[in-house]
Amino acid sequence: MKNIVLIGMPGSGKTTLGRRLAELLQMDFIDADPEIEKDTGKTIPELFAVSEDWFRHCETATVRRLARLEGKVLAMGGGVVLRPENIAALKENGVLLFLDRSPEAIAGDVDMAYRPLLRDGTKRVYELYAQRRHLYEAAADRVVRNKGTRQEVLRALWEEGRKIQEESK
């Protein structure tokens with residue numbers, strides 16, 4: 001069974017919606033950021049304090065490990081698309097869903113104090129979205145727009161997840 005891999009901006013809903021999607025599809029859910037912390041023994045902010053490049057190196061090691069799993073819903077960090085080797089590893093046994101949420105919506109309800117790359121405020125959300133959107137779209141096998149109610153978005157994710165489950169049988 002293929003993995004369902006959620007990619008998108010920080011604050012796009014990958015963890016919240018991914019956890020619920022996994023329940024509905026009766027799959028295990030794994031969030032990459034806590035896995036990186038487990039693998040390194042350091043928090044995400046501590047890794048970024050060394051350098052973003054060091055964090056990306058650690059992230060890639062964890063992504064490679066997670067990509068070998070089967071039948072999971074995986075929520076990736078927002079910058080996973082910055083390294084082509086991450087996408088190649090995830091596609092070996094996964095279908096990538098870009099959870100596309102507008103920068104306006106993200107800036108409106110995300111606590112940026114806990115997001116190392118968003119600490120500079122709402123302007124940074126718009127910059128990151130402009131820099132990364134094409135990377136998400138290029139990496140994604142499918143796109144789910146995160147607009148409307150949480151239930152509407154979850155339903156769209158569930159429909160895609162069911163298709164992926166059927167295709168992987």
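# Briefing: sheet, helices and cores

Gln26 is exposed (over 50% relative accessible area, with under 20% counting as buried and anything in between as partly exposed; 1.4 Å probe, protein chains only), at a relative accessible area of 75%. The model is predicted: local features need pLDDT of at least 70, side-chain atom pairs count only at pLDDT 80 or more, and totals for chains, interfaces and linings use all residues. Residues are numbered from 1 along each chain as its sequence is written, and side-chain values use heavy atoms, with hydrogens and water left out.

**Gln26 and its loop**

- Gln26 sits in the loop between helix 1 and strand 2. Helices (H or I, at least four residues) and strands (E, at least two) are DSSP runs, numbered from the N terminus.
- Gln26 is not a glycine, yet its phi is positive, at about 55°.

- An open sheet is formed by 5 strands in the order 2-3-1-4-5, with parallel pairing. Two strands pair if DSSP finds at least two bridges between them.
- Strand 2 and strand 5 are at the edges with a single partner strand each, so one side of each has no neighbour in the sheet.
- From one strand to the next, the twist averages 25°. Axes are lines fitted to C-alpha atoms, for helices over the stretch in contact, and angles run from 0 to 180 degrees between N-to-C directions.
- Strand 2 pairs with strand 3 (residues 72–75) in the parallel sense, over 4 bridges.
- Strand 4 and strand 5 also run parallel, joined by 4 bridges. Leu99 has Val144 of strand 5 as its bridge partner.
- In a regular strand, side chains alternate between the two faces of the sheet.
- Strand 5 (residues 142–145) has Arg142 and Val144 on its covered face. Val143 and Arg145 are on the uncovered face.

**Asp31**

- Asp31 belongs to strand 2 (residues 28–31).
- Asp31 counts as buried because its relative accessibility is 15%.
- Leaving out residues up to four places away in sequence, Asp31 touches Thr15 and Ala75. Contact means heavy atoms within 4.5 Å.
- Asp31 and Glu160 are 129 residues apart along the chain, and their C-alpha atoms are separated by 19 Å.

**Helix 1 and helix 8**

- Helix 1 lies across strand 1, strand 2, strand 3 and strand 4. It runs at about 165° to strand 2.
- Helix 1 (residues 14–25) packs against helix 8 (residues 150–167) at an angle of about 50°, with the axes 10 Å apart.
- That angle makes helix 1 oblique to helix 8. Under 35 degrees counts as roughly parallel, over 145 as roughly antiparallel, 65 to 115 as roughly perpendicular and the rest as oblique.
- Helix 1 contributes Thr16, Leu17, Arg20, Leu21, Leu24 and Leu25 to the contact. Residues of helix 8 in the contact include Val153, Leu157, Trp158 and Arg162.

**Nonpolar cores**

- The largest nonpolar core has 24 residues, and Ile7, Met76 and Leu90 touch the most other members. Such a core is a set of buried Ala, Val, Leu, Ile, Met, Phe, Trp, Tyr and Cys residues joined through side-chain atoms within 4.5 Å.
- Strand 1 (3–7), helix 4 (52–67), helix 5 (84–92), strand 4 (94–100) and helix 7 (122–139) each supply at least two residues of this core. Helix 7 gives the most, with 5 residues.
- Leu90 is in contact with Val5, Val63, Ala67, Leu74, Met76, Val80 and Leu96, leaving aside neighbours within four places in sequence.
- Another core, of 18 residues, lies apart from the largest one. Among its members are Leu6, Ala22, Phe29 and Leu97.
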